[in-house]
Amino acid sequence: MLTIDDVANVPLFSSLALEQLDRLARTAADIRLAAGEFAVHAGEEPALYAVLSGKFEVVKSFDGVERTLGWRNPGQIFGEVPIALGSPFPGSYRAAEPSRVIRIELQNYHAIAAVAPEVAQKVSALARERLGGLQSLNAEPQKPRVTLICQRFDTEGGQLRRFLARNQISFSWVTPDAPDLAAQWSGPCPSDSECPALRFANGDTVFRPSVRELADRLGLQTRPRVAEYDVAIVGGGPAGLAAAVYGASEGLRTIVIEREAPGGQAGTSSRIENYLGFPSGVSGDELANRALQQARRLGAEILVTRAVEKIEPAAHRITLDGGEIVQARTLILATGVSWRRLAIEGFDRFIGKGIYYGAARSEVSATHGLNIHLVGAGNSAGQAALYFANHANTVTLVVRGDSLEKSMSQYLIDQIRAKSNIATLLHSEIVAVHGETSLTAIDIQNSQSGETGRHDCGGVFSFIGADAETEWLPREIARDARGFVLTGDDLRKTGQGPRDRDPYLLETSIPGVFACGDVRLSPVKRVAAAVGEGSMAIAFVHQYLAREGRKVSA
């Protein structure tokens, strides 16, 4: 418990009247931390802290690499910059040794500042001083972690670019014929057979690496660390990451297995406008990155670039590509869905070479100044059209139906109609694609008139719905005719599931195996619903473990 003497020993407060010192001693939080524990994380709301004992390291992650920005010693304060700007903390404060710090809530700080203006003046002066340091830090040229050389439509290079972008790794991409190649790549240019070539910030160079080799070199986790987990989650989309956050935060030893990059199908959304808590919208990969950081901070393991070869559901055992085994007490299937493929002759030949499924922000560089076409009339297509309209010359929505109103939210329709370079072709579909090494033109047919016209096209992005790719699951896990996993009441109606009880709401036909998100049979397919189901799945995991009398791993 704080005393008046504790507060008075902080230079900022030493001149306060006894009444104000007493107020702070009664209202401020007295926080004692072990070495390595955080007093505050980046992104938390403003408050004022004063160090009583110990030492704090100021850290911030830049491009996935943690940097030390400074230290706070006894008598010093932190939180002055968030208070001055009315913004969240830009960095985190971690105890470097056993430490004690007081936390003064914003309203209590303002109450003190109102009767002791000199406190506010000192805090403002310190904020200006430290803002100058932050500005000089931001002015430093940020060297990318990876420089990549490959042709624009190189398939392997495209996979590496998407992986880097979706994992929030800064990189510079240059083509072999770029005029600024020498400035970005010192030494001889790699030959065509050596591309894609990558050079890391430490000077190491690799030629034609696999995505997993790249992940290993960047320090991303690709292998499990322990022999057994309380819960293993297959899929790192919104549902899987939500389950990881709640599982790890509630003391479960948690692992997520993701074959590509965190975010799932939502990670390929250029903008999500209606997700709660983001009034200005949020991109799919930004949302995924925040969830990923949160899950890792809470202790969840996130494996990337690992595919599941086999699941033994009754044993709750997963075999990864390469033969590694992940043993768990419970499993959660959160594999989501995949974009439905367009059945057009020659279409697959141009995938990654002008034709894409979804619209991740990493693809925007391929649309500058071009005429592009988006297939579909749902919200994903609308969000992508608005995003790409800021980069492409023209954006055309190719829609089979007779209106957008039947499948797209009105707020998106209104914004699309206000954009001068977005057009909509109704009663239309692509019937042919053209190009030698990459897409250059498409044929679009009008179903009412029967007329077909050829259009110059620098890119096609498809959003025609999604399918559950669950044929790889063992047949013991019940699914409907379209491949969606049956759970809860839908499962009970088939007479499958646990014999001695009704299945839990998100439980599959195998006890202790759960499903959440888009892979589960459900009429609601929304990011918010997937996040909710991911958190609910952890509640059922706890119920299952309690019923089975199994202890959570230490």
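Guide: Thr305 counts as buried, because its relative accessibility is 8%. Here buried means under 20% relative accessible area, exposed means over 50%, and partly exposed lies in between, for a 1.4 Å probe and protein chains only. A word on the origin of all this: the model is predicted, local features need pLDDT of at least 70, side-chain atom pairs count only at pLDDT 80 or more, and totals for chains, interfaces and linings use all residues. Residues are numbered from 1 along each chain as its sequence is written, and side-chain values use heavy atoms, with hydrogens and water left out.

You can find Thr305 in the loop between strand S15 (301-303) and strand S16 (308-312). Helices (H or I, at least four residues) and strands (E, at least two) are DSSP runs numbered from the N terminus. The backbone of Thr305 is worth a look too: its phi is near 60 degrees, a positive value in a residue other than glycine. Most residues other than glycine have a negative phi, and most peptide bonds are trans.

Arg208 also has a positive phi, near 50 degrees, and is not a glycine. Arg208 sits in the loop between strand S12 (205-207) and helix H8 (211-217). With 43% relative accessibility, Arg208 counts as partly exposed. Another backbone detail is the peptide bond from Cys195 to Pro196, which is cis, with omega near 5 degrees. Pro196 belongs to the loop between helix H7 (181-184) and strand S11 (197-200).

Val234, in strand S13 (residues 228-234), is buried because its relative accessible area is 5%. Setting aside neighbours within four places in sequence, Val234 is in contact (heavy atoms within 4.5 Å) with residues including Val308, Ile257, Leu333 and Trp472. Ile318 is also one of the contacts of Val234; the two are 84 residues apart in sequence, while their C-alpha atoms are 9.2 Å apart in space.

Now step back to the whole protein. There are 14 helices and 29 strands, and 51% of the 554 residues count as buried. Among contacts between residues at least 6 apart in sequence, 65% join residues at least 24 apart. The C-alpha trace spans about 85 × 70 × 50 Å along its principal axes.

Helix H9 (residues 238-249) packs with helix H14 (residues 527-548) at an angle of about 35 degrees, their axes 7 Å apart. These axes are lines fitted to C-alpha atoms, for helices over the stretch in contact, and angles run from 0 to 180 degrees between N-to-C directions. On the H9 side, the meeting residues include Pro238, Ala242 and Tyr246, and on the H14 side they include Val527, Val531 and Ile538.

Finally, look at the charged pairs. The structure holds 28 salt bridges, each a side-chain nitrogen of Lys or Arg within 4 Å of a carboxyl oxygen of Asp or Glu. One of them joins Glu260 and Arg166, with the closest N and O atoms 4.0 Å apart. This pair links distant parts of the chain, with Glu260 in the loop between strand S14 (254-257) and helix H10 (284-297) and Arg166 in helix H6 (residues 155-166), 94 residues apart. Glu260 counts as partly exposed, at 44% relative accessibility, whereas Arg166 counts as buried, at 12%.

Asp489 and Arg492 make another bridge, with the closest N and O atoms 3.2 Å apart. Both lie in helix H13 (residues 488-492), 3 residues apart, about one turn of the helix. Asp500 counts as exposed because its relative accessibility is 60%, and Arg547, at 45%, counts as partly exposed.
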